[in-house]
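Visitor: I would like to walk through the helix packing in this entry, and please explain the words as we go.

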Amino acid sequence: MALNTINPTNTASWSKLQQHFDDMHKVTMQDMFQEDVFRTAKFNLKWNDFLIDYSKNIIKQETIDLLLELANEVGLKKAISDYFDGEIINQTENRAVLHTALRAKESAVINVDGQNVVPEIYEVKRKIKAFSNEIIAGERTGYTGKQFTDVVNIGIGGSDLGPAMVVEALQFYKNQLNVHFVSNIDGDHVNEILKKINPETTLFVVVSKTFTTQETLTNSETIKAWFLSQEFGTKQEDIAKHFVAVSTNIQKVTEFGINPDNVFPMWDWVGGRFSLWSAVGLTISLAVGFDNFDELLSGANEMDDHFKSAEFDQNMPVVLALLSVWYNNFFGAESEALIPYTQYLQKLAPYLQQGTMESNGKSVGRDGNPVNYETGTIIWGEPGTNAQHAFFQLIHQGTKLIPSDFIGFVKPLYGDDEHHDKLMSNYFAQTEALLHGKTEAKVQAEFNKQGLDAERVNFLLPFKVFEGNKPTNTILIEKLTPKSLGSLIALYEHKIFVQGIIWNIFSFDQWGVELGKQLANSILEEINSKEIKNHDSSTAFLLDYYLKNK
Ligand code: F6P
């Protein structure tokens with residue numbers, strides 16, 4: 001059944017939120033904390049080993065009540081059932097959206113076109129398990145009989161970002177295999193990887209849902225040609241030992257020369273940016289072992305259950321999505337920062353940039369009309385404390401409102417408490433500083449202590465005062481494990497879904513990336529034939545310059 005089409009701005013709750021915003025604009029978080037000692041007790045959520053404190057937001061109970069009313073008015077409850085039940089909610093591509101089925105329990109029944117897909121999912125999982133175990137244990141060897149030492153994942157977008165982020169995040173749990181990622185069509189990227197590997201001991205995992213993506217096909221052809229170089233003494237049939245593929249397009253994979261036995265299938269109801277749970281996660285399973293991969297899936301599955309069953313006011317993805325709508329649509333905040341206080345999550349922001357911005361970067365409503373309100377937020381971020389020394393100045397004292405998520409862990413992985421306590425003191429200090437800022441009185445007192453003269457004080461005062469009142473969510477998790485990481489990723493996936501429902505857009509297509517791909521193909525033909533065709537004067541000028549100087 002199709003998703004409903006309700007312009008959120010036409011709902012009663014939206015009008016009430018607009019009026020409420022006019023009042024809230026005049027209050028500060030500092031005052032609200034002063035007035036209500038129970039504020040944090042009201043605005044926090046606990047689930048499994050996750051704690052979310054969202055009290056440092058510019059909200060009152062009334063704000064949350066109205067946002068929840070909005071969620072109900074746009075039919076969020078039914079949309080969630082449609083999502084999990086495999087309804088065709090990706091209507092422009094005529095597909096169900098079932099990455100959640102990939103992490104469902106084996107006993108679940110999830111139908112697509114009247115067919116339960118769970119048995120096939122588990123068949124592929126068993127294939128991933130057997131293959132990973134054999135490679136890790138050295139039972140499958142390369143063309144000279146040597147054990148594999150390196151794995152190269154060749155893919156881009158969702159066929160790269162998810163596995164790359166998770167392999168980085170779960171480094172602590174990694175085995176002996178060295179894992180590399182080739183994504184960019186930039187030949188320098190692939191050549192840098194080739195420098196590091198030995199063809200005798202390297203496994204290549206070509207990941208492409210469509211198997212038509214220019215970057216992945218070009219990189220794979222380059223790597224295949226390198227692998228078959230005379231100097232290595234390799235033969236065509238050795239490809240079967242060294243190349244495997246993950247795709248829905250078995251025919252194209254076979255044409256490329258990969259043995260159909262070496263293909264790990266996926267399905268068109270898995271969107272690229274939500275595909276790490278499928279065989280796209282093969283590289284994850286190779287890097288950390290199948291059991292850890294399965295833990296990642298079970299963590300996501302637990303978050304799915306929470307999202308499906310928790311009341312909206314206790315529902316982590318729903319609350320995070322509603323807060324984001326509050327800032328995006330009422331305060332006019334354009335971006336959100338994501339600051340994990342662990343180096344392991346350094347690729348979380350780039351990963352969620354695709355998840356969030358490819359999904360919700362849309363300007364046409366589900367009714368086919370242009371939207372008359374803001375949609376997808378811009379996501380960016382870097383791990384703390386590095387981020388503090390890079391861009392925090394702008395969050396503290398710039399002119400833009402940047403709601404930020406602070407993600408931290410109670411326990412470090414190596415048990416180094418001295419470092420961890422320092423790291424976490426920064427994590428807590430930053431959200432506190434963003435909330436309170438620094439008042440004129442405080443700055444003045446500091447100056448008095450330093451004995452500064454009045455003229456200098458007057459000059460410096462405005463620069464040293466911080467207004468504070470900057471919203472943050474604090475997400476505090478027990479420990480970074482495959483399971484908690486799975487839950488964390490699923491938390492953000494569902495936040496994206498809720499936002500898309502409220503904004504009345506289709507979150508699971510990505511037509512916007514197609515035009516550039518088509519133009520690149522025709523420009524490539526012109527570069528090859530050295531014949532520049534009809535372009536605007538800027539593009540023609542640049543192409544001419546490139547051709548003359550290359
Ligand atoms: O950038 C567009 C896109 O289609 C993404 O959605 C997808 O993750 C990526 O390209 C890669 O696609 P494929 O897995 O088919 O190579």
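Guide: Gladly! Let us start with helix 14 (residues 316-331) and helix 20 (residues 482-502), whose axes come within 8 Å and cross at roughly 50°. This is a predicted model, in which local features need pLDDT of at least 70 and side-chain atom pairs count only at pLDDT 80 or more, while totals for chains, interfaces and linings use all residues. Residues are numbered from 1 along each chain as its sequence is written.

Visitor: Why are helix 14 and helix 20 called oblique to each other?
Guide: The angle is taken between N-to-C directions on a scale from 0 to 180 degrees, with axes fitted to C-alpha atoms over the stretch in contact. Under 35 degrees counts as roughly parallel, over 145 as roughly antiparallel, 65 to 115 as roughly perpendicular, and the rest as oblique. The crossing here is roughly 50°, and helix 14 and helix 20 are therefore oblique.

Visitor: What is the handedness of that crossing?
Guide: Helix 14 and helix 20 cross in a right-handed way. That word applies if the near helix is turned clockwise from the far one by less than a right angle, and left-handed applies if anticlockwise.

Visitor: Which residues meet there?
Guide: From helix 14 come Met316, Pro317, Val318, Leu320, Ala321, Ser324 and Val325, and from helix 20 Leu491, His494, Lys495, Val498, Gln499 and Ile502. Contact means C-beta atoms, placed from the backbone, within 7 Å. By class, this contact has 9 nonpolar, 3 polar and 1 charged residues. Ala, Val, Leu, Ile, Met, Phe, Trp, Tyr, Cys and Pro count as nonpolar, Asp, Glu, Lys and Arg as charged, and the others, Gly among them, as polar.

Visitor: How do helix 7 and helix 15 run relative to each other, and how do you know?
Guide: The axes of helix 7 (residues 161-169) and helix 15 (residues 348-360) come within 9 Å and cross at roughly 155°. That value makes helix 7 roughly antiparallel to helix 15. Their crossing is left-handed. Leu161, Gly162 and Met165 of helix 7 touch Leu348, Pro350, Tyr351 and Gln354 of helix 15. The classes there are 5 nonpolar, 2 polar and no charged residues.

Visitor: Why do Phe211 and Thr385 deserve a look?
Guide: Most residues other than glycine have a negative phi, and most peptide bonds are trans. Phe211 has a positive phi near 55°, and the Gly384 to Thr385 bond is cis, with omega near 10°. Phe211 sits in the loop between strand 7 (202-207) and helix 9 (214-227). Thr385 is in the loop between strand 11 (378-380) and helix 16 (392-397).

Conventions
Helices (H or I, at least four residues) and strands (E, at least two) are DSSP runs, numbered from the N terminus. Two residues are in contact if their C-beta atoms, placed from the backbone, lie within 7 Å.
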